[in-house]
Structure formats: C-alpha cells, structure tokens
Amino acid sequence: MKCTVCGGTATIKISRHNAAFCEKHFIEHIHRQVLRVVKKYRMFSESDKIILAVSGGKDSLGTWRILLDLGYRVTAVHINNGFGEYSDISEQCVRDFARNANAELRVFKFEELMGFEFKTALRYTRKSPCSLCGSFKRYNLNRIAGELGGDVLATAHNLDDETAFLLGNILYWHINYLKKQKPVLEAEKGLVKKVKPVIRITDEEMKTYSEVRGIRYVEAKCPYVKHPTTHFYKRIMDELQDKFPSVKGVFYFGFVDKLLPNIDERETPEVAHYCPECGYKTILSDKCFICTIKELIKNAEGT
Ligand code: SF4
Ligand code: ZN
Ligand code: ZN
C-alpha cells in the first residue's frame, strides 16, 4: 500500500476518501479536513478565542492538538464530574496533554460549579445519567465560555457521532433536535456561538490521529455509560460504510447543506424564554431545568 501523496509506504488506509497515507500525510490530511469545515461554515478565525470542551477522550484531545497545530487560540475547559477513578484519570490525561503541549487549560469541579454532587441531582430527576450529564455540561460550558470571554465554544463531536444522532432523529422525526445538528449554532442572547470543527473526521480516524500524535487519552468507560441506541446506530452506519464508503459524509453534509435550510424556514420556532433566576434560554414555562433541580435539592437537603 502506497501513500497517495508521496508514494512512500502507507500505514493508514481511508476507504471513504479512496486514499492511503504515511503518518506525515495522514496528519496533513486530517488538518486539511478540519480547516475545510472551519472555513466553509465560518466557525472561527485566527483572532477568535476558542473555548474547547475537553473530556480527556481521543476526540477532544485530538481536536485540541489539531487546533493548536493549525495556529488557533485555544483555551481548553475540563469539568471533573466527580465520577471516581474515571474522572480522576480523565483529568490527568487532560493535564498531561496541557503540560506536554504547553497549552492553556482551565479545570473545574462539578460540585464546585453546582453546589451539589452529580449523584445527588440524579435522585431528583427521571432523566437518564447521560441526559442529565449532557444538560449540566451544556449549561456549565456555556456559562464558563461566556465568563472566559470566549468567541466560540467548540466541542469534539465527530462524523460518527453526528450520523448516529442524525439517523435517530430522522427515524423519530425529532425536528427540534435536527435543527440543532448544525456544524455551527450562532450566538444568541445568553448563549455563546457553538461549533463542531471535527465533524468531517470519523471515530477511527480520530483514534488513529491521537495514536500517531502520541496522545494519551482515557480509554476507561464512564461508570454511567449506557449508549445502546447510539452504538446501534453507529454500527448501522459502519455497515453501510462497508458497502458505500462515502455514505457517512454524504448523509450528514447532504442533510446540513440541502435539507437543514428548508427545515429552518418551515418549522415553527421553539417557544423559548429566559430563566428568571440565571438568564439561561429555556423552553420550560418558568425556571430553567438546572435552576429547578438546584431548588429541589436546596429545599430537600438544605444545601
Ligand atoms: Fe456523562 Fe454519559 Fe458521558 Fe458518562 S457516558 S460522561 S454520564 S454523557
Ligand atoms: Zn506520504
Ligand atoms: Zn436558570
């Protein structure tokens, strides 16, 4: 197998691009793919301050490396959720990366941000751990990004994440979720601009990228992890990709470029207002979900 670029020995094959690469040209290929979406969807410029959410996994640490190499101004933010050993290892991976790359990092503890532990909040909701964790994550990251003066909040959702969500959202016609699957969600009152710079990169490519770059990332599973549906959709997309190598990109970017503009025009907007306590945008009729949980815990436990 020869590198498509230099003709040297290739170690990485990417069927969906009908290409094979040596390590050097694989890295360049990944950087080119990221730059392409950053420019096409006007995510950010060289002067913007990017707040990057980093969990300690391959996707977020790989994204950090890519954005730094491309010369962007990145401040990484890690929230330690207090999930025992898993959270400790995750934080360590993030701190190691920051030290090795001499990169800017801010670490926060969930309990210090919220005033209670995640497991306490779990007792006061019927949401699944992942859904609850996601709500807190979006809330806290948005607030932190604003406080740090970030122009954009970047997350490391990749092409496999987005195609799996897309499949699920289309199967059940979750129109309001579909509208949020854009590569960019523009800033609005109380919400910073959100961007997904690695949506052209697959799980496997990110894993290879992190390994090639010598990045140590957390491989342990979160103790709450339970993603049978998302994993099932990912498997379906992988099977489709085996037969039709370019299907993931065609599926997601076809949706974003051809269908999303029409959904935006035709669908009635969500009826949203702003939480009287914290100002966060909410579709609930009074306080936002986070302030509601805070109040429940305060009343019940006197915290
Ligand atoms: Fe949060 Fe679920 Fe991810 Fe664990 S697996 S960190 S609970 S979203
Ligand atoms: Zn090469
Ligand atoms: Zn609120």
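Predicted model: local features only at pLDDT ≥ 70, side-chain atom pairs only at ≥ 80, totals over all residues.
Me: Which residues coordinate the zinc ion (ligand 3)?
Reply: Happy to point them out! Cys 275, Cys 278, Cys 288 and Cys 291 each coordinate the zinc ion (ligand 3) through SG, at 2.2 to 2.3 Å. Two of these residues link distant parts of the chain: Cys 275 is in the loop between strand E9 (273-274) and strand E10 (281-282), while Cys 288, 13 residues apart from it, is in the loop between E10 and helix H12 (289-301).

Me: What geometry does the site of the zinc ion (ligand 3) have?
Reply: Look at the angles among the donor atoms. Four donors count as tetrahedral if all angles lie between 85 and 135 degrees. Here the angles among the four donor atoms run from 107 to 113°, and the site is tetrahedral.

Me: Is Cys 275 buried or exposed, and is Cys 288 buried or exposed?
Reply: Buried means under 20% relative accessible area. Cys 275 has a relative accessibility of 4%, so Cys 275 is buried. Cys 288 is buried too, with 1%.

Me: Now the aromatic rings. How is a pair of rings described?
Reply: By two values: the distance of the centres and the angle of the planes. In this structure the count comes to 14 aromatic pairs. Take Phe 83 and Phe 118: the ring centres are 5.0 Å apart and the planes lie at 65°, so this pair is edge-to-face.

Me: Where do Phe 83 and Phe 118 lie?
Reply: Phe 83 is in the loop between strand E4 (73-80) and helix H3 (85-101), and Phe 118 is in helix H5 (residues 118-122), so their pair ties together parts 35 residues apart in sequence. Both residues are buried. Ring pairs also join Phe 83 and Phe 118 with Phe 110, Phe 116, Phe 136 and Tyr 224 in a cluster.

Me: What about the rings of Tyr 252 and Phe 253?
Reply: Their centres are 5.0 Å apart and their planes are at 75°, so this pair is edge-to-face. Tyr 252 is buried at 0% relative accessible area, and Phe 253 is buried at 10% relative accessibility.

Me: Which charged end sits over the ring of Phe 253?
Reply: That of Arg 200, 5.1 Å from the ring centre. For another case, find Tyr 274: the charged end of Lys 189 sits over its ring, 4.2 Å from the centre.

Note on methods: Residues numbered from 1 in each chain as written. Chains lettered and ligands numbered in written order. Heavy atoms only, no water. Donors = N, O, S within 2.8 Å, 3.2 Å for Na, K, Ca; no water. Tetrahedral: all angles 85-135°; square planar, octahedral: opposite > 155°, others 65-115°. Helix = DSSP H or I, 4+ residues; strand = E, 2+ residues; numbered from the N terminus. Buried < 20%, exposed > 50% of the residue type's maximum accessible area, 1.4 Å probe, protein only. Phe/Tyr/Trp six-rings, centres within 6.5 Å; stacked < 30°, edge-to-face > 60°. Lys NZ or Arg CZ within 6 Å of the ring centre and 35° of its normal.
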